[in-house]
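This report covers aromatic ring contacts and the charged groups placed over rings. The structure comes first, then the notes on it.

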Amino acid sequence: MSNLIDSFHRRINYMRISVTDRCDLRCIYCASTSFHDQTHEDTLRYEEIHKVAQAAASIGVSKIRLTGGEPLVRLYLSRLVKLLANTPGIDEVSMTTNGTLLAKYAAELKAAGLQRVNISLDSLKPDKFTYITGGDKLDDVLHGIEVAQNIGLVPVKINMVVLKGINSDEITDFARKTITDDWNVRFIEHMPFTWAKMQGNELVSTQEIISIIRAQFGELEPHFPQVGNGPAKYYKIHGAKGTLGFIGAVTDCFCAQCNRFRLTSDGKLRPCLLDDDEIDIRGPLRSGATIAELAKIIQSAADVKRAQHHLSTGIKPSSRSMRQIGG
Ligand code: SAM
């Protein structure tokens, strides 16, 4: 059990590690034109990430999720997966990806110890996909989903950020996929960021999303046990094999249950996604800090973790984009 407990008595056992700030897509709600890619020198090496993970595991972190930027644009990612999966205390390594390169790497990632993947997909229509992401890669993502399912990176979860007037007409198409293709789809409320290309009121609340699905498919059945480590609430359409998850990042503050912190690809510990506080760990790492010393720095990050975010009152993090933080 984790000894890493923050000032609000939350047990932290989950670390999201961003391996790069680079991405092969430019999603309208995520990308920003005003940030430049960081240098290779500024980016943590795999051995450095491994050392932070060892320190985190020594005080009770047991689950790691790789993210980015797009994690699969970083070369030889399976080498890192192998290091992490073989770290004593770490019992789960998973990844969040846009899926464009997944078909190519799924087998070697699985062999290296990756257990499951979440795949971000906001449209099933080629033109809309390209409009949202800036890339013509829908077929690659769909192929990646199929390969991940077949190879056993399961449960595969599909994350859809719902954007009013942009892809909100596809909510029922995604819900239907839980019946026809056994997908586990999670509908995520759009979080507004000041740096994003897209500005405006695109929020479709979880309540609205659920109403739209109910109107088409009838009453939803709560699904237990809840899948994974996260804040989603799960349901099923009657008779479906796949699940529906809802992440009310804006309207349903789940901070009281928060069990995680983040490591950015340039070596900052970020206690909260939605708060600009960061603690440098790259400096100490490169000055030769021991694992015990790094563990103390991680504890200090837990000590300053805020009680909750303030999105609903309009306070937004501004210093970094999601691509840089590792969403
Ligand atoms: N490139 C990978 C991917 O696409 O999954 C990992 C990084 S991406 C930043 C991680 C997740 O953050 C994606 O599911 C993306 O949809 C989500 N995300 C980015 N900006 C968001 C926003 N403003 N509101 C809600 N989710 C957002």
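## The tilted pair

The model is predicted. F174 has 0% relative accessibility and therefore counts as buried, the cut-off being under 20%. Three aromatic pairs occur in the structure, and one of them joins F174 to W183. The centres of these two rings are 6.5 Å apart and the planes stand at 55°, an arrangement classed as tilted. W183 is likewise buried, because its relative accessibility is 4%.

## The stacked pair and its cluster

A pair of aromatic rings is described by the distance of the centres and the angle of the planes. For F187 and F246, the distance is 5.6 Å and the angle 15°, so this pair is stacked.

F187 is buried at a relative accessible area of 0%, and F246 is buried at 3%. Together with Y235, F187 and F246 form one aromatic cluster.

## Charges over rings

Which ring lies under the charged end of K177? It is the ring of W183, with the charged end 4.9 Å from the ring centre. W183 thus takes part both in the tilted pair with F174 and in this contact with K177.

A further contact of this kind involves R79 and Y76: the charged end of R79 sits over the ring of Y76, at 4.2 Å from its centre.

Conventions: Residues are numbered from 1 along each chain as its sequence is written. This is a predicted model: local features need pLDDT of at least 70, side-chain atom pairs count only at pLDDT 80 or more; totals for chains, interfaces and linings use all residues. Side-chain values use heavy atoms; hydrogens and water are left out. Rings of Phe, Tyr and Trp (its six-membered ring) pair if their centres lie within 6.5 Å; planes under 30 degrees apart count as stacked, over 60 as edge-to-face and the rest as tilted. Buried means under 20% relative accessible area, exposed over 50%, partly exposed in between (1.4 Å probe, protein chains only). A charge sits over a ring if NZ of Lys or CZ of Arg is within 6 Å of the ring centre and within 35 degrees of the ring normal.
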